[in-house]
Amino acid sequence: MGNAVLLNLVDTGTGFNFSSSIESGLTKSHFELDELNETTDSFNIIQPDCDRLDYGLAISSGALCGIIDIFLVGKPEKSPLGDITDKWFENRTKDFAKLSGWNDGKNGSTTSAIRFLETKFKIPYDQRGAGDAGQFIFGLNPTNHHFKSLAHNPTLLGLFFSILDQFTSQSHFVTENELIVLQRADDGFELRGADVISKLFSAFVNWFGHIISDISGSSTSKGRGMGIPSPLWSWTNDIITIKRKLNIKPSEFDKFVNDLSLKIFNQGYDIRFQATQTIPVMINELVTRLFYSVRRLVKYFADTEKKQRNFEELWKQCEPFSNPTVKRMLTVAHGTFCLIDIGDATVRGFIAGSGSFNILEFILRVNIVGVGRFTISLYGEVKREICNSKNEKLLFDSTREKELVEYYIEGLKMLSVAYDDKQLMLFIHGFSNSYTYRETFNASVELASKRHVPREKILQSKAEGDAYFRRNNK
């Protein structure tokens, strides 16, 4: 059986409109094919292209950083990297004090810088539980007041209560899962500023400056001191505060997590240790991206001739940021890191519990930053899979349409070999008015015969054609 190929035929109401020639039909078809190729290519871009070596390098990076976390990060106050991080924060406190006017010589102590900042950025909510009202009413002491005092929390709600306390001379605390307010916290405090806007600015500056003064402990601290609570754990205070303001009783889970957060803060788990936990996670991130880029860089120079090399194409193949392959490698790397880290924390939790599980030791050892980064990678993987499942049908339809267009183009090429384009143009002009001319219909019958259309498929007369279209239009 011969293959049948038809040019585009459109009913305009007054006649029929054809593609003017085989050449124009081929041009339009190639244009449509290019669009379909771009569409199918865009669907393929979101697919990761990792091989075994990529996965092996990602696993190696995650394992290496997991070992760094176990032996160099560890837990608060027993962390080699933590000692370096603490020193870095002390130096930054001194730098900020110098910017604020502190001058205690080249070898000024951190305690001196902290004392200067506490005086310069004075606030009314700094009850420390050392013989003041907070000790008897809120159960405050020098080791927990930075956590219980909402204005000392480095969160948006902490900033809000800092500004509120400075305007009203109050102190807000979360203690025993209750929100407590101390009225007339400091009668001698006065917020600087001539109007509301300037007072708001002064309140923000006081909050930020006081946070910096406490980030490495207070001026009376002995040893490491109690810093500012971790943003990831001080949110437990925010949840209880919001629920109390809405007259919603905190759940037992809220109370458990808040009590646990306070206990780990008392063990030295503050914003400085949270920064220490970031170090192996960042190393894992950078090493994995570096592995990806170096592999593609070597492959590019090996496969591309010197004359054809250019920076744009090199960057396109090696950039380690926006493509799904490097994102898949990061998911594997951070997953490996978390597997090693959580495994170590679990074992140490059982060891510390002498047979039972010590949840406090487990939390102190788990790298929350690493868990958070792995969660982000998993979210990206799930999102990409959802997009892929939605695009599968579109890709299938586009591929089928591409096959049809390619078949159509091949048919036009066959037709251009069998017929002269000028003769086809005469045929098209006659057929556009064919409903009044029997001769033109006969020409179409002859054309169908030349194209090897089976005789039983050919309408032999104008009457048969009219009957066929009437029947199919009902």
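At what angle do helix 3 and helix 4 pack, and how far apart are their axes? In this predicted model, the angle is about 50 degrees and the axes lie 9 Å apart. Helix 3 and helix 4 are therefore oblique to each other, and their crossing is left-handed. On the helix 3 side, the contact is made by Glu90, Thr93, Lys94, Phe96 and Ala97. Helix 4 contributes Thr110, Ala113, Ile114, Phe116 and Leu117. Sorted by class, the contact of helix 3 with helix 4 holds 6 nonpolar, 2 polar and 2 charged residues.

A second helix pair can be described in the same terms. Two packed helices are described by the angle between their axes and the distance between the axes. For helix 9 (residues 231-245) and helix 10 (residues 252-266), the axes come within 9 Å and cross at roughly 140 degrees. That angle makes helix 9 oblique to helix 10, because only angles over 145 degrees would count as roughly antiparallel. The crossing in which helix 9 passes helix 10 is left-handed. From helix 9, the residues that take part are Trp233, Thr236, Asn237, Ile239, Ile240 and Lys243. They meet Asp254, Val257, Asn258, Ser261 and Ile264 of helix 10. By class, this contact of helix 9 with helix 10 comprises 5 nonpolar, 4 polar and 2 charged residues.

These pairs sit within a protein chain that has 18 helices and 4 strands. The chain runs to 474 residues, of which 45% are buried. What share of the contacts between residues at least 6 apart in sequence joins residues at least 24 apart? In the protein chain, that share is 71%.

Leu339 has its place in helix 13 (residues 324-352). Is Leu339 buried or exposed? With a relative accessibility of 65%, Leu339 counts as exposed, because the cut-off for that class is over 50%. Leu339 and Ala63 are 276 residues apart along the chain, while their C-alpha atoms are separated by 8.9 Å.

Leaving aside residues up to four places away in sequence, Val445 touches Ile458, Leu459 and Gln460. Val445 and Arg455 are 10 residues apart in sequence, with a C-alpha to C-alpha separation of 9.6 Å.

Cysteines complete the picture. Cys338 has a relative accessible area of 5% and is therefore buried, whereas Cys387, at 36% relative accessibility, counts as partly exposed. How many disulfides does the model contain? A disulfide is a covalent bond between the sulfur atoms of two cysteines. With a pair of cysteine sulfur atoms required to lie within 2.5 Å, the count comes to 0 disulfides.

Definitions and conventions
Residues are numbered from 1 along each chain as its sequence is written. This is a predicted model: local features need pLDDT of at least 70, side-chain atom pairs count only at pLDDT 80 or more; totals for chains, interfaces and linings use all residues. Side-chain values use heavy atoms; hydrogens and water are left out. Axes are lines fitted to C-alpha atoms, for helices over the stretch in contact, and angles run from 0 to 180 degrees between N-to-C directions. Helices (H or I, at least four residues) and strands (E, at least two) are DSSP runs, numbered from the N terminus. Angles under 35 degrees count as roughly parallel, over 145 as roughly antiparallel, 65 to 115 as roughly perpendicular and the rest as oblique. A crossing is left-handed if the near helix is turned anticlockwise from the far one by less than a right angle, and right-handed if clockwise. Contact means heavy atoms within 4.5 Å. Ala, Val, Leu, Ile, Met, Phe, Trp, Tyr, Cys and Pro count as nonpolar, Asp, Glu, Lys and Arg as charged, and the others, Gly among them, as polar. Buried means under 20% relative accessible area, exposed over 50%, partly exposed in between (1.4 Å probe, protein chains only).
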